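Reader: Could you take me through how aromatic rings are read in a structure, giving the general idea and then the case at hand?
Author: Gladly; let us look at it together.

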Amino acid sequence: MEQKNRAYLFISLLLSLTFPSFVFALSSPLPDEIARRSQIALFYPGKDMKARIYMRLLSKDGKERIREMTMLRKNLQEGGEQRYYIYFYQPADVRDTTFMVYKYPKKDDDRWLFIPALNLVKRIAAADKNSSFVGSDFSYEDVSGRDIEDDSFELIKEELLGEADTYVLKAVPKDLRSANYGFKTSWIDKKSFLPIKEEYYDKRGALYKLFTAEEIKEIKNIPTIIKRTMKNLQTGQGTEAVFREIEYNVGLEDEIFTERFLKKPPEKWIK
Amino acid sequence: MKAGVRSQKSGARRKVWILNLLNSERMRALRGRLHPALPVEGATQAPINWYRHMDRRDQSNILVQWSINHPWTTIILILFITILFGTQLRNAKTDTDPKNMLPPASKVRVDNDQVETWFSLHKDTIVLGITNRGGIINRESLDRIATITDEILKLKGVAAQDIISLTTSDNLVTDDGSITMRPILSDVPKTRRKDSIDELEILKRSIMSNPLLVDRLISKDMTTTAIYVPLEDGANGREIAGEIMGIVNRIKGGGMERYYLAGDPIARDTFGHDMFLQMALFSPIAGIIMMIALYLMFRNLTMIVANMTVAIISIIWAMGFLIWSGFTVHIMSSMIPVFLMAISTDNIHIFNEFSYRIREVGEKGPAIRETMRAVGRAVILSDLTTAAGFASLAIGPIVPVKVFGLFVAFGTLVVLLMSFTLIPAILSLIDEKRFISAQKINGKEKDKDSLLHRMGDISLAKRGIILIVGLGLLLVSIAGIFQIRVNNNMISWFKPGSDIRVADSVMNDRLGGTSVAYIVAISNKSDMMKQPETLRKLQALEDEIKSAPYVGKTLSIVDLIRHMNLVIHDNDPKFNSIPGSPEIIGQYLFLMGMSSRPRELDTLVDYPFEKANIVVMLKSWDASAIDGVIDKVKVFENRNSNLSFKVMPAGIAYFNKVWNDEVLYGMISGFIASLLLVLALLALDFYSIRWGLIAFIPLIFTIIVIYGSVGWIGKDFDMPISVLSTLSLGLAIDFSIHLIRRFQQRFKETGDLEGSLVWVVGRPGKGIVKNAILFALGFSVMIFSSLTPYITVGVFMGAIMLLSALATLLFLPPIIYLWRRSLL
């Protein structure tokens, strides 16, 4: 009798330990799959996209610098190669500056910058992906995505963040020197697969950057982050980016993404 | 410690003198003087009546009487209060940051905070220098530098995002018409040996062609690099330096590299840390040496215990009160115990007199009362004068100086209180028989008296020569005062050969310099710093600053823009200049924002481009280095009347200079006020301006000779020396008060001027000499300290003791003799 009881106890204990994780594993997609779908949702929606972006770079003592630009993006294939074209309106002294990126998975991007005051196009070689995007707290990776293969992912938990049901995904760079962060935790909306919040931890494990999707809207049925902020908690600086006049699938021509149009912005798209 | 020595000395002298006095027939005269209502004859013959009479008239004697009658109650009561104060010691917060010597609202602190906010600067930066005689740009060294940087990034307390090293800082180069902005060492060349040589050559060329890196991240001879590690607010520089050294030791392996840690936070926090350690090590040693000396003088353990107990109690009360009042223990208040130790030796006078008295009277009760009656007034006078002198340091504007002065004064009053309570109580517990027999053995050493007597003779016989020599010395010293070089260099507070000094000099040899100042250009219009005209002026200012001595490197937005201009134009040397249009400049600045470290740009220009920062690296922490820069700024301002910006200095080098100057001059002005007050008090003590002036001579002589020799030797006159010199307040006053009082009594008794003068040197002089030897001996151990300010304490203590004792014994008798007509 006693031995039987013990055996039951042991089995039920074992079950109670393994069962939830068993169910969990069955019902949730794999962490790499969540990361992939999130990347598509954030950086690849539509065949192409046009948006006007207003950025406010805020210093610790509340001083600000403004960046205003139109961004054109075209996917060559979903999750693969992309073209970006950016035209700057502000700050006033950089008006007419244009910037072009050929983004390749698993390979360094190609970048070109047109400096209007010198009427000069310069290639910007293989710069570090952790570089700041136009002096803001967003890095190039925050704007155009980081290769999924560069991180290993782990699904920590699923939780309700505000009204959104989210996957909480932890990303650790496979090569620590390839990223500024030691690891990153993302709250990814189960429906839209957009990150609602991301916490960046430095190599000591201290939280230093915080990404927040402040406002999400559906544009042509595509959930889109309209307003996002990146706050650097260690320096007190922060950047707020607001996307306006967002359009998807407008039919951007391939020829826009050439040096010729860097010097002479396409009037059809840039006003 | 210093203050303690001072008061101890004076107190001890007083007591010794008083004891000597009481011992003699002159004592009776003294009693008569102090209590004219009492018949002098009756004093010795019927001491008991006499004292009763006194008790009714003199509150201090009521205290003495009560303490003798209730010794245990007294001791327990005092111990109880001491425990109360002692519990406060647990709450002690130490603060070794010299910044807090000035209030947060002081202009230089407000300015510095402001500049740090404008340009996202960190208050403190540690510099790890790495050298390799064979050249630092090789695969092994670079690998280690990369690994060390990675590890430093993991340390708590460092501002990881702003570490500047070969692996984190951007290099801007042009290559085949494209430009590259990325960390200098984003990848250490990993290719096999044959290829890597070429890659290294390319790397070398690209680093050395960037003027922004040379002298900052790489030495001209390519043997030295540095990792600049900014600290988060409140991080401890010494501790982080220790962790960095731990990383270095783990990673250095058998490499050829040498590692050097420098930077203000290390010096400051190491000094703060070592200061308390050295204090804890040397104070007890000094105490023990003094106890041994005391034993040899009095052969009685109880006395020694009593003496040391008074010192400890006054320290506990003063420090407990200080902490209870909410003050932190900082560099200056940490000196309070030393000063109090010195001041508390006042009690030697009581013991000395008691040792004579008890042999005369044979009974401890009356002996104590008689002792206190004889010595009491001099003890009160000299302690009150000393306390008033220190309290008047509070007249100055510098808070730590005020705190120091007031709490030394408080401690002095505690010593005074103990002289009338605890000391009599302990003496009343003494075993009189053993004490008397011990004193008899001790009484044999009379020879010294004759030596001093002879000195007294000589001081009178050769008074002309002595006074002329003294006057000559005084004049030479006054000339020396004009040679004084005011300088505060915290690095020089460490011994030559210490890690910090070596690191500092190696880094200053090879790179731009470890001391950093900011020269900030402030306009009131946004985008002003994008105007070519403004940038040209900024460049002119920077060039002017570069011409100042000790300036090893400067960095400004102009350097960045010129380099960008050059690189954009494929290194065509024509374009190593400021571009002609604000648009080009604006677009360059925009491009720089695309680097991996836009924050490095932020350290040179503020957000709205209204203000620009010229970073100045100095090869010396001497005040003259920053003074040279400020002079050049003035030259620039005079030459350019129509500037679009104002210029403001800031940064640690400038801050160090300002706080040191303010504390030093605050100390000196407080000290001058003290001297005047003491002069007035001395005149009051003696009811005579002339006698006051005479009593003042040893003090002023000591100070002038000390300052003069500092000037002649060429030692920097810095904050520790200015603090130390106030010690002479307590010592010299004590000596002269005792000598003069004893002389006046003796002269009144005998009417023999010359005899009295010789006697006063021989007898009370013995107390002075004992006191001087005791202190010089005790504090001489500090010569072995590893911190130069403590060595200074050791040397100064001896010098002040010797000088004020000699000045008192040699100069006062001839001067009194010469002035006899107007004095007597």
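**Rings and their partners**

Author: A:Lys197 lies over the face of A:Trp187, at 4.4 Å from the ring centre, where a charge sits over a ring if NZ of Lys or CZ of Arg is within 6 Å of the ring centre and within 35 degrees of the ring normal. A:Arg244 is placed over the face of A:Tyr54, at 4.0 Å from the ring centre. This is a predicted model, in which local features need pLDDT of at least 70, side-chain atom pairs count only at pLDDT 80 or more, and totals for chains, interfaces and linings use all residues. Residues are numbered from 1 along each chain as its sequence is written, chains are lettered from A and ligands numbered from 1 in the order in which they are written, and side-chain values use heavy atoms, with hydrogens and water left out.

Reader: How is a pair of aromatic rings described?

Author: One gives the distance of the centres and the angle of the planes. Here, rings of Phe, Tyr and Trp (its six-membered ring) pair if their centres lie within 6.5 Å, and planes under 30 degrees apart count as stacked, over 60 as edge-to-face and the rest as tilted. Over all chains, the structure holds 26 aromatic pairs. The rings of A:Phe99 and A:Tyr140 are tilted, because their planes stand at 45 degrees, with the centres 6.1 Å apart.

Reader: Is A:Phe99 buried or exposed?

Author: A:Phe99 counts as buried at 1% relative accessibility, buried meaning under 20% relative accessible area, exposed over 50%, and partly exposed in between (1.4 Å probe, protein chains only). A:Tyr140 is likewise buried, at 6%.
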